[in-house]
Amino acid sequence: MKSYSCILFDLDHTLWDFETNSHQTLQELYHYYEIESRGVESFASFYNTFVEINTRLWELYDLGKITREKIRFERFHGILSHLGVEDNELSLTLSDEYVLRSPKKSGLIPNALEVLEYLRPRYPMTIVTNGFEEIQYTKMASSGLTSYFKNVVTSARAGYKKPAKEIFQFALTEGGFEAHEAIMIGDNLLTDIGGAHNASVDTIFFNPNKIQHEENPRYEIHDLKQLMEIL
Ligand SMILES: [Mg+2]
């Protein structure tokens, strides 16, 4: 088995449990702002619409077609519109509150801490993320991840976002490593796996839902615990 000198990790959906944390946040907002009384049928319809629209906006962002401001400010407008609620003020309030509250949630992907404890003495680790700078730092602190990482590279700081090879090269240069010494772990086939391939970095695809795909990662896992067999 090939050995590596450093590990690059994606954050959202790979370590930080975006789904659980956003579900909790949306539940709070739904009750606090009495969204049901505005004609939204149920929390489930609110949540499902969020997932659908948020996923689509992030895909467009990853493809370089929209800006992060667009995600931030149009996300809830789109959600409320879709649910038949036209209330600009409410959509801006929800946008602000979501961005404030959600990064303070501490939910992690199962076995994340146990695996990071195992990896920390063995490898220097770097987060490579397309998320928003200040938000990603808050998420890491809230969930107890900060101390495991030597470095955090956000797209804002690198000036490039995944899947561009430059963000991976930026992370490697800062750590003093060559591409062949590194391995990237992430849940996204386009940004993490495709991006690392662009930079000639080996990959581990974290695929908890066992989706079908055509990519060719070096390894594929469905539970973070499997990293302890590979690394
Ligand atoms: Mg991710």
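Which domains both give residues to the lining of the largest pocket, and where does the pocket lie? Domain 1 (6-17 + 107-230) and domain 2 (18-104) both contribute, so the pocket lies between them. The domain bounds come from an automatic or database domain assignment.

This is a predicted model: local features need pLDDT of at least 70, side-chain atom pairs count only at pLDDT 80 or more, and totals for chains, interfaces and linings use all residues. Residues are numbered from 1 along each chain as its sequence is written, and side-chain values use heavy atoms, with hydrogens and water left out.

**Figure 1. The protein chain as a whole.**
The protein chain has 10 helices and 6 strands. Helices (H or I, at least four residues) and strands (E, at least two) are DSSP runs, numbered from the N terminus. The C-alpha atoms fill a box of roughly 60 × 35 × 35 Å, taken along the principal axes. For 231 residues, a compact globule would have a radius of gyration near 17 Å; the chain has 18 Å, which agrees. That radius is taken over C-alpha atoms, and the globule rule is 2.2 Å times the number of residues to the power 0.38. Buried residues make up 51% of the 231 residues. Buried means under 20% relative accessible area, exposed over 50%, and partly exposed in between (1.4 Å probe, protein chains only).

**Figure 2. The magnesium site.**
Asp 10 (OD), Asp 12 (O) and Asp 187 (OD) coordinate the magnesium ion at 2.1 Å. Along the chain, these donors follow the spacing D-x1-D-x174-D. Asp 12 sits in the loop between strand 1 (6-9) and helix 1 (18-32), and Asp 187 in the loop between strand 4 (182-186) and helix 9 (189-198), so the pair ties together parts that are 175 residues apart in sequence. Asp 12 counts as buried, at 12% relative accessibility. Asp 187 counts as partly exposed, at 22%. Donors are N, O and S atoms within 2.8 Å of the metal (3.2 Å for Na, K and Ca); water is not among the atoms, so sites may look incomplete.

**Figure 3. The largest pocket.**
About 980 Å³ of space lies in the largest pocket. Its lining has 33 residues; the closest to the centre are Asp 12, His 13, Thr 55, Asp 187 and Asn 188. Helix 1, helix 2 (43-62), helix 9 and strand 5 (202-206) are the elements that give two or more residues to this lining. The largest share, 8 residues, comes from helix 2. By class, the lining has 13 nonpolar, 11 polar and 9 charged residues. Ala, Val, Leu, Ile, Met, Phe, Trp, Tyr, Cys and Pro count as nonpolar, Asp, Glu, Lys and Arg as charged, and the others, Gly among them, as polar.
On a 1 Å grid over the protein atoms alone, a pocket is an open set of points with protein on both sides within 12 Å along at least five of seven lines; a cavity is a set where a 1.4 Å probe fits but cannot get out; lining residues have an atom within 4 Å of a point. Grid points are joined across faces, edges and corners, and a volume is the space filled by probe spheres set on the points.

**Figure 4. The largest cavity.**
A search of the whole structure finds 2 cavities of 30 Å³ or more. The largest has a volume of about 120 Å³. Among its 13 lining residues, the closest to the centre are Trp 58, Arg 75, Phe 132, Ile 135 and Lys 139. Helix 6 gives the most to this lining, with 3 residues. The lining divides into 7 nonpolar, 3 polar and 3 charged residues. Domain 1 and domain 2 both give residues to the lining, so this cavity lies between them.

**Figure 5. The second largest cavity.**
The second largest cavity holds about 30 Å³ of space. Its lining includes Phe 76, His 77, Leu 80 and Ser 81. Helix 3 (68-82) and helix 4 (88-101) are the elements that give two or more residues to it. The largest share, 4 residues, comes from helix 3.

The peptide bond from Lys 162 to Pro 163 is cis, with omega near 10°. Pro 163 is in the loop between helix 7 (155-158) and helix 8 (165-175). His 13 has a positive phi, near 70°, in a residue other than glycine. His 13 lies in the loop between strand 1 and helix 1. Asn 111 also has a positive phi near 70°, and lies in the loop between helix 4 and helix 5 (112-119).
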